[in-house]
Amino acid sequence: MTCVQLLLIRHALPEKVTDASGRADPALTSEGREQAARLPQALSPYRIARIYSSPQRRAKETAAPVAAERDLLVTEHLGLAEYDYDLPHYIPFHEAQQLAPDAFARIRAGEFPKSVDGEAFRARVLDALGQVVDESEHQDTVAVFAHGGVVNVYLQELLGLDRPLVFPLDYVSVTRVLVSRTGQRRVASVNETGHIRDMLRR
């Protein structure tokens with residue numbers, strides 16, 4: 001392979017946090033830990049050279065089984081944090097229709113919640129993923145554990161989409177992007193979920 005292959009992995013299912021004293025940083029649920037445990041086998045075809053993660057607990061806990069199985073360190077990058085990073089609550093999307101209907105409707109329509117500075121978030125994510133590529137060798141496969149919004153804005157940039165949240169990415173789904181030596185970027189797949197087909201929420 002003569003390009004960097006990014007494996008963009010959405011975190012597993014986290015707990016709900018409705019009123020944290022500071023920044024909400026939920027752990028994975030038992031179901032989420034089971035989802036994350038599927039990843040070492042799912043990613044076994046790839047020769048992963050490096051692992052990066054959002055600093056948020058749900059992403060780091062999702063990365064942990066792969067890091068342990070490959071004996072690799074996890075490099076945290078604040079730029080990979082989700083747009084909800086500073087909020088005192090976290091509501092899993094399947095519960096948001098009842099608990100946060102306005103935000104749910106906007107996300108379903110492919111838009112950020114009104115409180116999000118979309119341009120600043122997008123710039124932060126693109127800069128972070130650019131750094132990940134710059135720090136990698138041209139033949140490396142790099143696993144990046146992050147969030148639905150992070151993966152979506154990167155896809156928006158690469159595919160020239162008019163809305164930032166087009167793809168309804170599943171928990172622990174894998175999206176693959178190839179970056180050539182000249183910087184050309186190609187989306188190879190979006191939302192691969194074969195490893196958790198029996199656990200998908202529909």
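A residue is called buried here when its relative accessible area is under 20%, exposed when it is over 50%, and partly exposed in between, using a 1.4 Å probe and protein chains only. By that scale R38 is partly exposed, at 23%. Before we go on, note that this is a predicted model, in which local features need pLDDT of at least 70 and side-chain atom pairs count only at pLDDT 80 or more, while totals for chains, interfaces and linings use all residues. Residues are numbered from 1 along each chain as its sequence is written, and side-chain values use heavy atoms, with hydrogens and water left out.

Let us stay with R38 for a moment. Its side chain meets that of E34 in a salt bridge, at 3.8 Å from N to O; the term stands for a side-chain nitrogen of Lys or Arg within 4 Å of a carboxyl oxygen of Asp or Glu. E34 is also partly exposed, with 44% relative accessibility. The structure holds 13 salt bridges. Another of them joins R70 and E69, whose closest N and O atoms are 2.9 Å apart. E69 counts as partly exposed at 47%.

A further salt bridge pairs E157 with R185, with 3.7 Å between the closest N and O atoms. E157 lies in helix 7 and R185 in strand 6 (residues 185-192), so this pair ties together parts that are 28 residues apart in sequence. Helices (H or I, at least four residues) and strands (E, at least two) are DSSP runs, numbered from the N terminus. Both partners are partly exposed, E157 at 28% and R185 at 39%. Salt bridges with shared partners also join E34, R38 and D198 into one network.

Now to the aromatic rings. Rings of Phe, Tyr and Trp (its six-membered ring) pair if their centres lie within 6.5 Å; planes under 30 degrees apart count as stacked, over 60 as edge-to-face and the rest as tilted. This rule gives 4 aromatic pairs. F93 and F104 are stacked, because their ring centres are 4.8 Å apart and their planes stand at 20 degrees. F93 belongs to helix 4 and F104 to helix 5, so the pair ties together parts 11 residues apart in sequence. F93 is partly exposed at 30%, whereas F104 is buried at 10%. F112 and F121 make an edge-to-face pair, since their centres are 5.7 Å apart and their planes are at 90 degrees. F112 is buried at 9%, and F121 is buried at 3%. Ring pairs link Y83, F112 and F121 into a cluster.

On a 1 Å grid over the protein atoms alone, a pocket is an open set of points where a 1.4 Å probe fits, with protein on both sides within 12 Å along at least five of seven lines; lining residues have an atom within 4 Å of a point. The largest pocket has a volume of about 1,200 Å³, a volume being the space filled by probe spheres set on the points. Of its 46 lining residues, R10, Y83, P92, F93 and I107 are the closest to the centre. Helix 4 (93-99), helix 5 (101-108) and helix 7 (148-159) each give two or more residues to this lining, and helix 5 provides the largest share, 6 residues.

The second largest pocket has a volume of about 220 Å³. Among its 14 lining residues, E82, Y83, Y85, D86 and R124 lie nearest the centre.
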